Amino acid sequence: MSQLTDTRWMLILASLLGATAVMSGAFGAHALQGVLDERATGWYDTAVTYHARHALALLACALLSLHIGKSPGYTWVRAAGICFTLGTLIFSGTLYMMAFTHITKLGMITPLGGLLLIVAWLCLMIAAFRLSSKAA
């Protein structure tokens, strides 16, 4: 894949994650008020929070990839974008499902999403170390 294609997909996914985070937050605040028990509301709120924050992180990856070009750090920014996307889907997705279904065994999968989010942040750190003075 070309850099522009990678950046385009990161922007599209960041926009989609951002929009769905806002929709999920509004849905939780209005339609689910009084419907979910306290435990499920906690799961849902955590899912929305991580969903929204990591949509912004993915947006940052897309914008950073435009700025740094094909510098040595680009591969790490791309890896961060992939991990932010998958991590958000798995982490928030399992929490959303737990909130609606009360299938707590899904909680065994949630840490995998969290691990991917941690890896994404570490990939960004490596990208920062790999940036050349010309790219910054």
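Modeller: Start with Leu 66, which is found in helix H2. This is a predicted model: local features need pLDDT of at least 70, side-chain atom pairs count only at pLDDT 80 or more, and totals for chains, interfaces and linings use all residues. Residues are numbered from 1 along each chain as its sequence is written, and side-chain values use heavy atoms, with hydrogens and water left out.

Biologist: What makes a stretch a helix here?
Modeller: A helix is a DSSP run of H or I with at least four residues, and a strand is a run of E with at least two; both are numbered from the N terminus. The protein chain has four helices and zero strands. Its pattern along the sequence is α-α-α-α.

Biologist: Why does Leu 66 count as partly exposed?
Modeller: Buried means under 20% relative accessible area, exposed means over 50%, and partly exposed is in between (1.4 Å probe, protein chains only). Leu 66 has 49% relative accessibility, so it counts as partly exposed.

Biologist: And Leu 59: why is it called partly exposed?
Modeller: Leu 59 has 31% relative accessibility, so the label is partly exposed. Leu 59 also sits in helix H2, residues 38-68.

Biologist: Which residues does Leu 59 contact beyond its neighbours within four places in sequence?
Modeller: Leu 11 and Ala 14. Contact means heavy atoms within 4.5 Å. Leu 59 and Leu 13 are 46 residues apart in sequence, yet their C-alpha atoms are 8.3 Å apart.

Biologist: What makes a nonpolar patch?
Modeller: Its residues need over 30% relative accessible area and no salt bridge; nonpolar side chains (Val, Leu, Ile, Met, Phe, Trp, Tyr) are joined within 5 Å, while like charges are joined within 9 Å. Here Leu 4, Leu 56, Leu 59, Leu 63 and Leu 66 form such a patch on the surface. Together they have about 490 Å² of accessible area. Accessible areas come from the Shrake-Rupley method with a 1.4 Å probe, and for residues only the protein chains shown count as cover. H2 gives the largest share of the patch, four residues.

Biologist: How do you know that Arg 78 and Asp 6 form a salt bridge?
Modeller: A salt bridge needs a side-chain nitrogen of Lys or Arg within 4 Å of a carboxyl oxygen of Asp or Glu. Between Arg 78 and Asp 6 the N to O distance is 2.8 Å, so the pair passes the cut-off. The pair links distant parts of the chain: Arg 78 is in helix H3 (residues 74-101) and Asp 6 is in helix H1 (residues 3-30), 72 residues apart. The structure holds one salt bridge.

Biologist: Are these two partners buried or partly exposed: Arg 78 and Asp 6?
Modeller: Arg 78 is partly exposed, because its relative accessibility is 33%. Asp 6 has 5%, so it counts as buried.

Biologist: Why is Cys 61 called buried?
Modeller: Its relative accessible area is 0%, so the label is buried. Cys 123, at 8%, is buried as well.

Biologist: What makes the link between Ser 65 and Thr 7 a polar contact?
Modeller: A polar contact is a pair of N or O atoms within 3.5 Å; within protein, one must be able to donate a hydrogen and the other to accept it, and residues adjacent in sequence count only if both atoms are side-chain atoms. The side chains of Ser 65 and Thr 7 are joined at 2.7 Å. Ser 65 lies in helix H2 and is buried, at 0% relative accessibility.

Biologist: What does the side chain of His 54 reach?
Modeller: The backbone oxygen of Tyr 50, at 2.9 Å. His 54 counts as buried because its relative accessible area is 6%.
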